[in-house]
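Colleague: I am new to this structure and would be grateful for a guided reading of it. May we go through it by question and answer?

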Amino acid sequence: MHYGQLVTRVWSLSRAYGFDVLIVLAAVESALEVAFRHDPQQEPRTTLWFAVPAIALVVLPLLARRRFRFAAPASVWLLAAALSFVDGRLVPFSASALVAGFLAAFLLGNLRDVVQARLGLAIVLSGAAIIVYKDPSHAPGEFVFTPLLFAIGWLAGFAVRERAEQAEAAEVRASHAEREREAAARIAVAEERTRIARELHDIVAHAVSVMVLQVGAVRHGLPETLPEDREALQGVEQTGRTALAEMRRLLGAMRDDGEDAARVPQRGLGNLDGLLDEVGRAGLPVRLRVDGEPFPLPHALDVSAYRIVQEGLTNALKHARASQAEVIVGYGADELRIEVHDNGSGAMPNNGHGHGLVGVRERVKIYGGEMTAGPASGGGFVLSTRLPLRGDGR
């Protein structure tokens, strides 16, 4: 066995059984103290054959503290009080018995059951009073100070238990909050995917409608001498109309109950001026900067880019407490860069609400892009995205 493994094993054994070893040593020490210590004024009056095992028996119930959390420490005080009726000097004579009593008081105060803990305090106080009363050499002040000393031990155990319960409650709340955040994030992703699906439906439905109309126009323009071609085009036209009907049916299933069937026309980067005006009227002045030469984007990408800017400004307006913001749109040869920067305090804490940035990340992920969101180097908060153009944006 390696040295490190040996140390680990010894440490684990000491943590598991070290305190039990100390209890046994205390019982042995108390027995030896009674057997070999000679003090004519304080030594026990009973015979050694009774006093030695009796004082050790007072300490040993602490070995069962794990299994009997109330009975084991309570037994220490009950045995000590009962022993005092036989020999009032025996318990005060042993220092280990006093230490065991203090530990038993601590364990009783540390009980999670409040009723048992309070009953344990009563046992400690009454047991201490009995031991003092039965000690022939006691002083009058000991009726106050001795129970008070062990009451302090009980209060220490009670305070430790309260602290442990508070820590456990905080851990439970943190775990619950984490589960809520994860659930809210999943809901936000699902909602954003549904929103994207509706947007794609509108885009694809428009494209298919145009194709169906064009096919119908071509079919009507063919001469009667080409019946096979006319029939083929009619089949294409019918397939397109069927696809449109199915798409509308699926879209109806995806809409919220209160959502109007007539959708507002989707906005793209060409509508940014209107968005910036709306945000400005809400109290957040926004400056727009366009890098590069703008060019037409695929409609789905254009809508997603607009949504990204919209969410970045919404975050700055509602959560970041910003006084000004800047939007940068960069048209590159193979990518579209969007950056929303504000001078506020940052995004709303991720407390289960306001997961708009989760939706932005989902949109960027669809297009294989990159997104970063966090404090800016010069202060404020910045949302930055990069959407690759796969050669179909020009």
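Colleague: Across which strands does helix α9 lie, and at what angle does it run to β1?

Modeller: This is a predicted model, and helix α9 covers residues 272–281. The helix lies across β1 and β2, the latter being residues 325–331. Its direction relative to β1 is about 160°.

Colleague: Which strands does helix α10 touch, and what angle does its direction make with that of β3?

Modeller: Helix α10, residues 299–318, packs on the sheet. The strands it touches are β1, β2, β3 and β5. With the direction of β3, that of the helix makes about 15°.

Colleague: In what order do the strands of the open sheet follow one another?

Modeller: The open sheet is formed by five strands, and their pairing is mixed. The order is β1-β2-β3-β5-β4.

Colleague: Why is one side of β1 and of β4 left without a neighbour in the sheet?

Modeller: In the order β1-β2-β3-β5-β4, β1 (286–291) and β4 (370–375) stand at the edges. One side of each has no neighbour in the sheet, because each has a single partner strand.

Colleague: How many bridges join β3 to β5, and which residue is the bridge partner of E335?

Modeller: Strand β3 spans residues 335–342 and β5 spans residues 381–388. The two run antiparallel and are joined by eight bridges. The partner of E335 in β5 is P388.

Colleague: How many residues lie between β2 and β3 in their hairpin?

Modeller: Strands β2 and β3 run antiparallel, with seven bridges joining them. Between the two strands of the hairpin, the number of residues is three.

Colleague: Is V327 buried or exposed?

Modeller: Beyond its neighbours within four places in sequence, V327 is in contact with several residues, including L276, V286, V309 and L313. R289 is 38 residues away along the chain, yet its C-alpha atom and that of V327 are separated by 6.2 Å. The relative accessible area of V327 is 0%; since the cut-off for burial is under 20%, V327 is buried.

Colleague: Which element has the lowest mean pLDDT, and which the highest?

Modeller: The protein chain averages a pLDDT of 80, and 83% of the residues score at least 70. Over residues 349–354 the value stays under 50, and the model has six contacts for them beyond four places in sequence. Among the elements, the lowest mean, 73, belongs to helix α1 (residues 3–36), and the highest, 93, to β2.

Note on methods: Residues are numbered from 1 along each chain as its sequence is written. This is a predicted model: local features need pLDDT of at least 70, side-chain atom pairs count only at pLDDT 80 or more; totals for chains, interfaces and linings use all residues. Side-chain values use heavy atoms; hydrogens and water are left out. Two strands pair if DSSP finds at least two bridges between them. Helices (H or I, at least four residues) and strands (E, at least two) are DSSP runs, numbered from the N terminus. Contact means heavy atoms within 4.5 Å. Axes are lines fitted to C-alpha atoms, for helices over the stretch in contact, and angles run from 0 to 180 degrees between N-to-C directions. pLDDT is the predictor's confidence in each residue, from 0 to 100. Buried means under 20% relative accessible area, exposed over 50%, partly exposed in between (1.4 Å probe, protein chains only).
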